[in-house]
Amino acid sequence: MEAQATTATTWVIDPMHSEVQFKVKHLMVSTVTGSFSKFDGQLVMAGDDFQDADITFSADIDSISTGNEQRDGHLKSGEFFDAEQFPQLTFKSTGMTKTGDDTYNLTGDLTLHGVTKPVTLKAEYGGQMQDFYGQTKAGFEVTGIIKRKEFGLTWDGVTEAGGVVVSDDVRLVMNIQVTKQA
């Protein structure tokens, strides 16, 4: 008896219905939110379950926006992301393990500022639906925390009173819609 070949299904990010944000504490009293406006990625899975899907993602550092042009310029500079030398943030999954009915642990290698580190993110599956054009869409909310200094983002400012200007912890919050490819 022959084994049946498994057909891979590819899903690509729909950037018009997705957002990629990060949140960082400023002066340890409030949170500043930033986002990337240019990003792409895909998810390739065998079978009908997203478990063990192969996921790739990239974001253009130069597309960073925090709603403040001066701060954005500082973030893109050599003191932070150094967009000229390191133009992209990338992620390549190493595993997607089901932890509940609609939840997963997403592990992979995150490359930022020329440094690659393993990370574990939480992914919550929002379901599937057909859009007005007959395309099948699926949604995920992906969250996690990374330590910016582990990726070489070591700029530190200290207030006159000795307070930290920017926290080391950076929360990632991504709401991603993917489109199933024919």
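Me: What is the relative accessible area of aspartate 169?
Reply: Residues count as buried under 20% relative accessible area, as exposed over 50% and as partly exposed in between (1.4 Å probe, protein chains only). The areas come from the Shrake-Rupley method with a 1.4 Å probe, and for residues only the protein chains shown count as cover. Aspartate 169 is partly exposed because its relative accessible area is 33%.

Me: Before we go on, what pLDDT does a side-chain atom pair need to count here?
Reply: Residues are numbered from 1 along each chain as its sequence is written, and side-chain values use heavy atoms, with hydrogens and water left out. This is a predicted model: totals for chains, interfaces and linings use all residues, local features need pLDDT of at least 70, and side-chain atom pairs count only at pLDDT 80 or more.

Me: Thanks! Which residue forms a salt bridge with aspartate 169?
Reply: A salt bridge here is a side-chain nitrogen of Lys or Arg within 4 Å of a carboxyl oxygen of Asp or Glu. With its closest N and O atoms 2.6 Å apart, the partner of aspartate 169 is lysine 147.

Me: And how many residues apart in sequence are the parts this pair ties together?
Reply: Strands (E, at least two residues) and helices (H or I, at least four) are DSSP runs numbered from the N terminus. Lysine 147 sits in strand E10 and aspartate 169 in strand E11 (residues 166–180), so the distance in sequence between the parts they tie together is 22 residues.

Me: Which residue pairs with lysine 137 in a salt bridge?
Reply: Side chains of opposite charge can pair when their charged atoms come close. For lysine 137, the closest N and O atoms are 2.8 Å apart, and the partner is aspartate 14. Lysine 137 lies in strand E10 (residues 136–147) and its partner in the loop between E1 and E2, so parts 123 residues apart in sequence are tied together by lysine 137 and aspartate 14.

Me: Is aspartate 14 buried or exposed?
Reply: Aspartate 14 lies in the loop between strand E1 (8–13) and E2, and a polar atom of its side chain is 3.1 Å from the backbone nitrogen of methionine 16. Because its relative accessibility is 11%, aspartate 14 counts as buried.

Me: Which lysine meets aspartate 54 in a salt bridge?
Reply: Aspartate 54 is partly exposed, at 34% relative accessibility. The N to O distance in its salt bridge is 2.5 Å, and the partner is lysine 92. Aspartate 54 is in strand E5 (residues 54–60), so parts 38 residues apart in sequence are tied together through strand E7 and its lysine 92.

Me: One last thing: which residues form the negative surface patch?
Reply: Patch residues have over 30% relative accessible area and no salt bridge, with like charges joined within 9 Å and nonpolar side chains (Val, Leu, Ile, Met, Phe, Trp, Tyr) within 5 Å. Lys and Arg count as positive and Asp and Glu as negative, leaving out His and the chain ends, and a charge is placed at NZ of Lys, CZ of Arg, CG of Asp or CD of Glu. One member, glutamate 19, is in strand E2 (residues 19–26) and is partly exposed at 37% relative accessibility. The patch is formed by Glu19, Asp101, Asp102, Glu124 and Glu141.

Note on methods:
A polar contact is a pair of N or O atoms within 3.5 Å; within protein, one must be able to donate a hydrogen and the other to accept it, and residues adjacent in sequence count only if both atoms are side-chain atoms.
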